[in-house]
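I set out to record what I looked up in this model, entry by entry.

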Amino acid sequence: MPMKSFRQAINEALRQEMERDQRVVIMGEDIAGGLGAPGEDDAWGGPLGVTKGLMPQFGRNRVLDTPITESAFIGCAAGAAATGLRPVAELMFVDFMGVCFDQIFNQAAKFRYMFGGRAVTPMVVRTMYGAGFRAASQHSQCLYPVFTHIPGLKVAIPSNAYEAKGLLAQSIRDDDPVIFFEHKVMYDDEVDVPDEPYTIPFGEANVTREGDDVTIIAFGRMVNFANQAADSLAASGISCTVVDPRTTSPLDKETILETASETGRVVVIDEAHPRCNMATDVSALICENCFGDLKAPIKQVTGPHAPVPFSPALEDLYVPGVPKIEAAVREIMGKGH
Amino acid sequence: MQLSRDQLRAAYQRMCLIRNFEDSLHEEFSAGNIPGFVHLYAGEEASGVGVCMHLDDRDAIASTHRGHGHCIAKGCDPRAMMLEIFGKKDGLCGGKGGSMHIADLSKGMMGANGIVGGGPPLVCGAALTAKTLKTGGVAIAFVGDGASNQGTTFESYNLAKVWNLPAVFVVEDNRYAESTASAWSVGGNQVDRAKGFGMPAQEVDGHDFFAVWEAARQAIERARAGEGPSLLHVKLNRYYGHFEGDAITYKGEGEIEQVKTEKDALMLFKQRVTETKLLDSEELTVIEEEAKAAIADCLASAKAGALPTEADLMTDVYVDYKF
Amino acid sequence: MSDIRPIVMPKWGLAMIEGTVVEWQVEEGAEVAAGQDIMEIETSKITNVFESPVEGPLRKIVVAAGETVPVGALLAVCAPASVGDDEVEAYVKDFLDNFDWDAAAGGGGPAPETIEVGSKRMRFLKQGDGGGTPVILIHGFGGDCLGWLFNQEALAEGRTTYALDLPGHGGSDKDVGAGKLGVMVQAVLAFMDDRGIAKAHLVGHSMGGAIALALAAEHAERVASATLLAPAGLGREINMTFINGFIEQKRSRKLRPILELLVADPGTITNDMVEEVIKFKRLDGAVEALTKLRDGLFPGGEQEGFPADLLAGLSVPVQAIWGEEDQILPAAHAAVLPDSVKVSKLPATGHLPHMERASEVNAAILAFLA
């Protein structure tokens, strides 16, 4: 299999799904770029070049640059989805949900229920999340816990390029609205990605490492840190299971509970702020269902309850990293009985 | 352009259905028979029907809190609507939506909306679908004078314009957003606002079915011809409160009665078609009686309908989901 | 110095860039014979025993059990007693100093190619470019061209070899028509025509064995020889638990016991091997293709089997190699083969003799080609 970056994987999934289904259109700010300007057409292909080349292939009728009006075009995607298109809207940074959340959680998420099951809303909102880009407080948040909270939405958080291509294809083919999170510092990360189209089903966690001592449950970019920590800990005789839930809604409770019970020690890694995030949610799930199997209190490694800072010196302290994960695993092993 | 006799009969029938539907709800709400809250369209019938007479099932509309009239005008089944408003299992939305979310996508009715200004972006989407799939359809956003001040509405004007969407924005200005007068809350005026976005726009007397019908015809024909969005500023009055139970203390004395006496939409319609001898008063009376009976029948069905059960609580959240 | 013989990390298949020494089965100082199992090596794809490429006293183990090193890295050295310890140390130091760790970690080597054959996408892996009659490797149900990782390089010495992805498999088109063997046979012929191969030695595993056999019987002019590894088509019985499980199980924990049916030693199956199968099955059309093949080849849960006269009429050299512990297709099926077909049965071997007993199978194929 050829090595492809996260960026290429997303681009390829969009291209293949647009080839596969004429109803798939993509829209967003500067997703082609240069519209109405005297210089190059397809000038940007998205702010980080993820959608580059799609407009020349599919034309401006299916690759729709929008004005900077998130409420209008995210709502437009919802309305288009309810009436027969399969739009993929790019919300450039998830932080911008603040200016369009109504269209996602009050409109798209609830159509099916409010309309008594007589609506399908096959829309995808692709959005960048996460710290580490020196992008400061309004361009660095995780926020997937907010979307996970809303019934009617599905939430996918791919941890690498392979996962990204398969989960995005599934998102586009899915008949429910999906919020698809792309970590902005991962776009250049490469793994083997098949050329052919493929899908990864929602609600099926990926167990990336199998071990006996500690179960690490991690989300998105943190899965890679958890894998690194597990490999490093293996050298000192601590064997870890690592679980990547892939989607926070639906959540693969079965795999989480099974792997938590097997080791009896759980560390949950979540880049999001600590109150009401995926770490608290998963910890509560485990406590409620398999408390008796636990040998030690659950450890959570998360970002702090503070906005994401700008200064690299501070931001590096903000992001949960491999050393913090290893320390949490060692601590929980020490507490075992 | 002329309306045929059949079209005129259909228009009057729709307006009568709406009036009876809303008057019945007013009574039932007072009697404590309806859960939640309802926002009634009585008095505004000429607008919804005047616009929707130009539409068919490939066309979409998005509505407001005050959505019953738009539903009936767009062809939704009044019986299923009534069941819905009573929270019954066989309601148009299985009892899960209620008055504020009543919808039937199969009829191009994208829903009443509990969020003021929620509809215009959705209408851009329906218009985009029509344009992309070349269905020949158009999409109409009904917004109140309250929603006309929302950012979503302005963003949608702009998006519809820059994408040249087959959309029409119908601002139904009933002079009060909740209890606040549009004379105070709207800066500038609706037509100038639209022109600021480069959209053709005109002010219309919303009590006059024929005025609305003609203005809507022009706007919808423009949209269908690929000439982009337009706006209609429809000036009208509502007969009841913002919601049922609203004591309407903010309106002037005799304000509603004066409208009812001088420019009631049904009355004006009847005068016009009988004066011009397009329809005679006997057949209009028959339509009125039939509408009254039909709504009474819907009401009886709604009262007798079964309630949803626990088994319905968790269905229809997703198309497919592992809880 | 010339008497010092290095043992280095082998390269098993294209994707292998490093390996982990799981266990040394000999100690320093032991006398090692060429071909002797001396250690177990785990790659991301598979865990397998490593047979010593050299002989003599094992003087020094450089990479201890548990360590992971790139392909080509020095694992140990053999040298006769006449070589002094200081000479051995100097050799090791020199090797380590000169080994290009970065280049080794980079992998490289041949990569599969994808072509259009009769408007269908077909992927194959070509190794070697020697003259003479080429070898075509045909995988089994659910396999692909990368499954010959222990064989293709050995067979490619001095000749051209092609490992195919059959329709419905690997990177090839997922259209398998009616899912009958004839579709596969025609695909191999079309590939040969496209590549200008008039005649080839065929090596087919399982379903690929049935394809090779059909080609040998029906298109003898295109076949120089056929080596059948645990071939299908010789009896009615087939393990449908495996076939159905392979198609249906999507999660690694459920699929692993199914894949373990393939081998005599379940430890051979690595997590990555399971993951690769899952990834293949996620490709658009893959599960549909496998399902069609199952329904086409094994209707009612049984193989259709070749008619006896077809087997009796074989005119090209054919050999069959079977694992005695094959749980998918019993080795007893070999009984129907005519006496002209040489049958080898390997002890303690399952359905993947070319992986489980690679060097023996390679030697048998090479001898047959000669």
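The entries below follow the order in which I looked things up.

**Entry 1. Conventions.**
I note that this is a predicted model, in which local features need pLDDT of at least 70 and side-chain atom pairs count only at pLDDT 80 or more, while totals for chains, interfaces and linings use all residues. Residues are numbered from 1 along each chain as its sequence is written, chains are lettered from A and ligands numbered from 1 in the order in which they are written, and side-chain values use heavy atoms, with hydrogens and water left out.

**Entry 2. Which chains touch.**
I took contact to mean heavy atoms within 4.5 Å. Of the two pairs of chains in contact, chains A and B share the most contacts. Chain B and chain C do not touch, and I read 16 Å between their nearest C-alpha atoms.

**Entry 3. Chain B against chain A.**
I found 43 residues of chain B in contact with 47 residues of chain A. The size of an interface is often given as the accessible area lost when the parts come together. I used buried area in that form (the accessible area, with a 1.4 Å probe, that two parts lose on being put together, summed over both). For chain B and chain A it is about 3,600 Å², with 63% from carbon and sulfur atoms.

How many salt bridges does the rule find across the interface of chain B and chain A? The rule asks for a side-chain nitrogen of Lys or Arg within 4 Å of a carboxyl oxygen of Asp or Glu, and it finds one here. I located a salt bridge between the side chains of Arg118(A) and Asp104(B), at 3.3 Å from N to O.

I then looked up polar contacts (a pair of N or O atoms within 3.5 Å; within protein, one must be able to donate a hydrogen and the other to accept it, and residues adjacent in sequence count only if both atoms are side-chain atoms). There are 21 residue pairs in polar contact across the interface of chain B and chain A, both residues at pLDDT 80 or more. On the side of chain B that touches chain A, α5 (119-133), α6 (151-162) and α13 (310-313) of chain B each supply at least two residues. I assigned helices (H or I, at least four residues) and strands (E, at least two) from DSSP runs, numbered from the N terminus. The largest share of that side, nine residues, comes from α5(B).

By class, I count 21 nonpolar, 15 polar and seven charged residues on the side of chain B that touches chain A. Here Ala, Val, Leu, Ile, Met, Phe, Trp, Tyr, Cys and Pro are nonpolar, Asp, Glu, Lys and Arg are charged, and the others, Gly among them, are polar.

**Entry 4. Chain A against chain C.**
This contact takes 21 residues from chain A and 15 residues from chain C. The area buried between them is about 1,500 Å², of which carbon and sulfur atoms give 34%. I recorded nine salt bridges between chain A and chain C. In one salt bridge, Glu262(A) pairs with Arg253(C), and the closest N and O atoms are 2.4 Å apart. On the side of chain A that touches chain C, α7 (161-173) and α9 (253-263) of chain A are the elements that give two or more residues. α9(A) gives the most, with four residues. That side of chain A has eight nonpolar, four polar and nine charged residues.

**Entry 5. Helix α8 of chain C.**
I compared the helix with its expected span (1.5 Å times one less than its number of residues). The 12 residues of α8(C), 271-282, should span 16 Å, and the end C-alpha atoms are 17 Å apart, which agrees. Nine of the 12 residues are buried, where buried means under 20% relative accessible area, exposed over 50%, and partly exposed in between (1.4 Å probe, protein chains only). Among the buried residues are Met273(C), Val274(C) and Phe280(C). The cover includes α7 and β9 (206-209) of chain A, together with α6 (240-248), α7 (252-260), α9 (286-297) and α11 (353-356) of chain C.

**Entry 6. Two single residues.**
I placed Thr302(A) in strand β14 (residues 299-302) of chain A. Thr302(A) is buried, with a relative accessible area of 17%. Asp192(B) lies in helix α8 (residues 190-196) of chain B and is partly exposed, at 48%. The side chain of Asp192(B) makes a polar contact with that of Asn189(B) at 2.9 Å.
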